[in-house]
Amino acid sequence: MTRKKIALIGGGQIGGVLTQLIALRELGDVVLFDILEDMPQGKTLDIAEASRVDGFDSNLQGTNSYEDIKDSDIVIITAGLPRKPGMSRDDLLVTNAKIMKSVAENVKKYAPNSFVIIISNPLDAMVTLFKKVSGFSANRVMGQAGVLDSSRFSSFIAWELGVSVKDVNAMVLGGHGDTMVPLVRYANVNGMPVMELLERKYNDAAKAKEVMNAMVERTKMAGGEVVKLLKTGSAFYSPASSAIAMAEAILGDQKRVLPVCALLEGEYNVNGYYVGVPAIIGANGVEKILEITLDDEETALFTNSVNAVKSLVEDMERLGF
Ligand code: TXD
């Protein structure tokens, strides 16, 4: 059996952690691409020189040439700049859209049969643009945001209740921005509703609600919380782990049910937009979007989030992308 080939476009903070995680798990061989000369070569050499200690045989190659990503099975994209002080959303959108356009053209040219996981921000717009430029089928183009946002929400719940995070199931839907929708009603610990456990803990329904609201708000602002602490750059360990979960689901045909940024074509009454929803992820990428019932309040929040995605995409189109 030949090894799988995984191309990473963008060799910054997330790209580096992705490389190491793929090697440690021996998911395949890695080609790490960046426009910065020598940097991806240096990063892959550093990680590869630990292969004896870590015990992996994956080949790790750094490159500045797109030709090297030829025939990759999976492509994970982190290329793009993070927002700097004084930069407007439109500025970030223009910079990263320009980068994403060239990335999409090259992935289309050299890895036309790959499954693509996009991480670059603004996430929902970048996935939309990649799909448009590449012309890839919808099942092969997805964005990573929901796996991380849901992991953050689950972690907060586990810490609050003093239970193993492995038993917590909680999901975040919608766009990857301040309007994202942590689903409180469906959050559970091994099937037991989180709200019920909180009410028992505090013996006070109002207090339980207050605690849950704080966790919801923290989830929505979790990226910013890390940015503020790091001072430079944004979260990179957890976004990398989250993308790896998606890549593993594809490579292992796991049929995992993961919240991913997927193209909606009528599901959830949305047509033609990329939004975070639960989907079955397997060897065919996004194999099926799962529709769940949302109550009135959840529907209002989800619609609000979809509208934020729509306006972001419209901004991008107005800018000529
Ligand atoms: O969950 C999520 N989706 C996210 C997304 C969570 C956290 C951060 N998220 C976004 O990921 C973040 O806002 C950025 O847009 C991306 C990548 O974050 P990272 O922390 O890895 O950024 P870096 O360290 O700045 O790395 C970006 C690299 C850097 O090495 C650049 O030289 C490179 O991208 N770059 C390019 N690579 C290839 N091709 C082009 N054109 C290019 N331009 C810049």
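This is a predicted model: local features need pLDDT of at least 70, side-chain atom pairs count only at pLDDT 80 or more; totals for chains, interfaces and linings use all residues.
Q: How many residues surround the ligand?
A: The ligand is surrounded by 26 residues, where a residue is near if one of its heavy atoms lies within 4 Å. The closest are Gln-13, Ile-14, Asp-34, Ile-119 and Gln-144.

Q: Which class of residue is each of them, nonpolar, polar or charged?
A: The shell around the ligand has 13 nonpolar, twelve polar and one charged residues. Here Ala, Val, Leu, Ile, Met, Phe, Trp, Tyr, Cys and Pro count as nonpolar, Asp, Glu, Lys and Arg as charged, and the others, Gly among them, as polar.

Q: What about the largest cavity: how much space lies in it?
A: About 70 Å³ of space lies in the largest cavity. On a 1 Å grid over the protein atoms alone, a cavity is a set of points where a 1.4 Å probe fits but cannot get out, and a pocket is an open set with protein on both sides within 12 Å along at least five of seven lines; lining residues have an atom within 4 Å of a point. Grid points are joined across faces, edges and corners, and a volume is the space filled by probe spheres set on the points.

Q: Which residues lie nearest the centre of that cavity?
A: Of the 14 residues that line the largest cavity, Ala-145, Gly-146, Gly-174, Gly-175 and Gly-276 lie nearest its centre. The lining divides into seven nonpolar, five polar and two charged residues.

Q: Why does the largest cavity lie between the domains?
A: Domain 1 (5–145) and domain 2 (146–321) both give residues to its lining, so the largest cavity lies between them.

Q: And the second largest pocket: what lines it?
A: The second largest pocket is lined by 32 residues, and Val-147, Ser-150, Ser-151, Arg-152 and Ser-154 lie nearest its centre. About 760 Å³ of space lies in this pocket, and its lining has 19 nonpolar, nine polar and four charged residues.

Methods:
Residues are numbered from 1 along each chain as its sequence is written. Side-chain values use heavy atoms; hydrogens and water are left out. Domain bounds come from an automatic or database domain assignment.
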